[in-house]
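Notebook open, structure loaded. I'm jotting down what I looked up, one item at a time.

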Amino acid sequence: MRSGPGFVLGTAFLAGLCTMTVELAAVRLLAPWFGTSSAVWTNVIGVVLLALSVGYMAGARFSASARPARALAWVLGAGAVCAALLPVASGPIARCFLPSGLALDEAGQLVNLGSLAAAACLFLPPAALLGCVAPLCCEILCCRELERGQKSSAGRAGGAVLCVSTLGSLLGTFGTTYVLVPSLGLTRTFVGAGLLLASLSLFAWFALERVRARTATLGLVALWCVAGASVSLPRARVPDLSSGMHLLEARESTYQSVRVVESREDPARTMRFLQVNESFDSFQSVWQAKKGLLPEGYYYNAFALPMWWSRDVHAWRVAVVGLGAGTTWRVLDGARPPDTTLDLVGAEIDPVVVELARRWMDLPAGDPRCRVLSDRDGRAALRTLAHKQDLVVLDAYANQMEIPPHLASVEFFRECRATLNDGGWLAANVGGFGFTDPVVDAVARTLANGFEQRVLAVRVPFSRNVALFARRDGEPPEPGSPAWKSGDDELDRIMAGGSLPDTWRWFTPGTERVLTDDLDPIEALQRRSIEMAAASTDGGAR
């Protein structure tokens, strides 16, 4: 059997689809260890582009051989095996460059170089093999035209191959993000790409090289077995759980890897944590059986302070940007003053987080006092609120430590101020290691300029978090003053450490450079924060 140009162009189309599937799912495969910051994306894209360049050059050399169709079949078969084995190999390779059990400041220095090294080990081989496909298809297409007595043109063949390959990449881009990963998960997505490439390889042997149908069928079954076997092999793609933690459920969403774990170290106090992507020693949401204040060291408790400071407000409207699994809701609802009511609306961009929160962390589904704007960006959600708010809580993070740039700009904080009633509050959680931390300093100064008021920064006792408080047309009470005490004994006890010397600081509006929508280097500041913390730890150890 001799194939026409349709098979060759179809091969280029499907190879382009698989190339984008591997590239886009690659970041998600590394996310449990290294996150999905711009640095990780840059490393993966850079590795894939390098690999494709190598593949194009290698494919050009293979196309000059006497049997380019045979080379195409081998390339597709090898690419099938490499793609299907990626979920199996990702865990051991990632652990080589970022061992499990590291604290956030210890792991921070390894994220950038570690993700680059892991990406090179994992994705350079399959992407290079897929890069060989286009030159080989161009050569085969030209040869077929000559054999049919048609006028051959390298430009025409190359243009046709590039066109269909790019269309396949376009389909792979949307299909991987919106269909394959959310519905099949990462393992089945990579194995599916491997099976597709394996089928193309065997059809290439049969259609281009005149291999007998029986031989082609046996080879196809063999390659499917190799690719499919990776599903049943032990996978170490998700970082190990910390000691005493038990996995309740893990999911892949459009945005991230999500899991809920439970701590059973203290039988008297069961705690559950929602973790995403690179877990390190952190979490995004926490649950305990009883509503209200959490133990010391949890920054969510600080969000309850404005409700006690403004006791003249009896019906609180609260908007939460970054609802997560609803920890803020449970803390505020259980710790509010007894004579107040609570009407909360929370924006959470990831519907899978909301789904897991309702299953494992008691986020209400039908309580009119807690409305969830699922699959909604927090900044866009604020603009859709029908009423002014008394409190805006900002606790939005991508992964464990990355504040989205558009939620840390002076323009955004001005929008928050416009959302508040007169005398309304903004309370924000900023992960940082002190007031000189680059992230804390930049966000606090930007917030002060956005509100045109002094901003109070308070270190949360027994944590690496800083709580920021800003008030529209007013100021928070100064720590240690009579107005600082809330009047709730438990809350005052938990936050008592925040009024000690050197545990709080005022940030005033000024002329220093602030973060803007146009220029917001928050990711670079976050890297500096981790590096400074690691250097400080090393210095202390010596």
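I started with Phe-174, which is partly exposed at a relative accessible area of 47%. My cut-offs: buried is under 20% relative accessible area, exposed is over 50%, and partly exposed is in between (1.4 Å probe, protein chains only). This is a predicted model, where local features need pLDDT of at least 70 and side-chain atom pairs count only at pLDDT 80 or more, while totals for chains, interfaces and linings use all residues. Residues are numbered from 1 along each chain as its sequence is written, and side-chain values use heavy atoms, with hydrogens and water left out.

**Surface patch**

I found Phe-174 in a nonpolar surface patch with Leu-167, Leu-170, Tyr-178 and Val-179, about 530 Å² of accessible area together. Patch residues have over 30% relative accessible area and no salt bridge; like charges are joined within 9 Å, nonpolar side chains (Val, Leu, Ile, Met, Phe, Trp, Tyr) within 5 Å. The areas come from the Shrake-Rupley method with a 1.4 Å probe, and for residues only the protein chains shown count as cover. Leu-167 is partly exposed at 45% and sits in helix α6 (residues 154-208). Helices (H or I, at least four residues) and strands (E, at least two) are DSSP runs, numbered from the N terminus.

Then a contrast in helix α6, which also holds Thr-176: this residue is buried at 1% relative accessibility. Its side chain makes a polar contact with the side chain of Thr-21 at 3.0 Å. (A polar contact is a pair of N or O atoms within 3.5 Å; within protein, one must be able to donate a hydrogen and the other to accept it, and residues adjacent in sequence count only if both atoms are side-chain atoms.)

**Aromatic pairs**

I counted eight aromatic pairs. The rule: rings of Phe, Tyr and Trp (its six-membered ring) pair if their centres lie within 6.5 Å; planes under 30 degrees apart are stacked, over 60 edge-to-face, the rest tilted. How are the rings of Phe-174 and Tyr-178 arranged? They are stacked, because their planes are at 20°, with the centres 6.3 Å apart. The two residues are four apart in helix α6, about one helical turn. Tyr-178 is exposed, at 58%.

Next, Trp-309 and Trp-425 make a tilted pair, 5.3 Å centre to centre with 40° between the planes. Trp-309 is in helix α8 (residues 305-309) and Trp-425 in strand β9 (residues 420-431), so the pair ties together parts 116 residues apart in sequence. I checked burial, and both are buried.

**Salt bridges**

My search of the whole structure gave 21 salt bridges, each a side-chain nitrogen of Lys or Arg within 4 Å of a carboxyl oxygen of Asp or Glu. I looked at Arg-472 and Asp-422, which meet at 3.8 Å, N to O. They link distant parts of the chain: Arg-472 is in the loop between β11 (465-471) and α14 (489-494), Asp-422 in strand β9, 50 residues apart. Is each end buried or exposed? Arg-472 is buried at 16%, whereas Asp-422 is exposed at 64%.

**Helix α13**

Last entry: α13 (residues 438-451) has all 14 of its 14 residues buried, so it is largely enclosed by the rest of the structure. At its start, a side-chain oxygen of Asp-437 reaches to within 2.9 Å of the backbone nitrogen of Val-439. Just after α13, I noted that Glu-452 takes a positive phi of about 55°.
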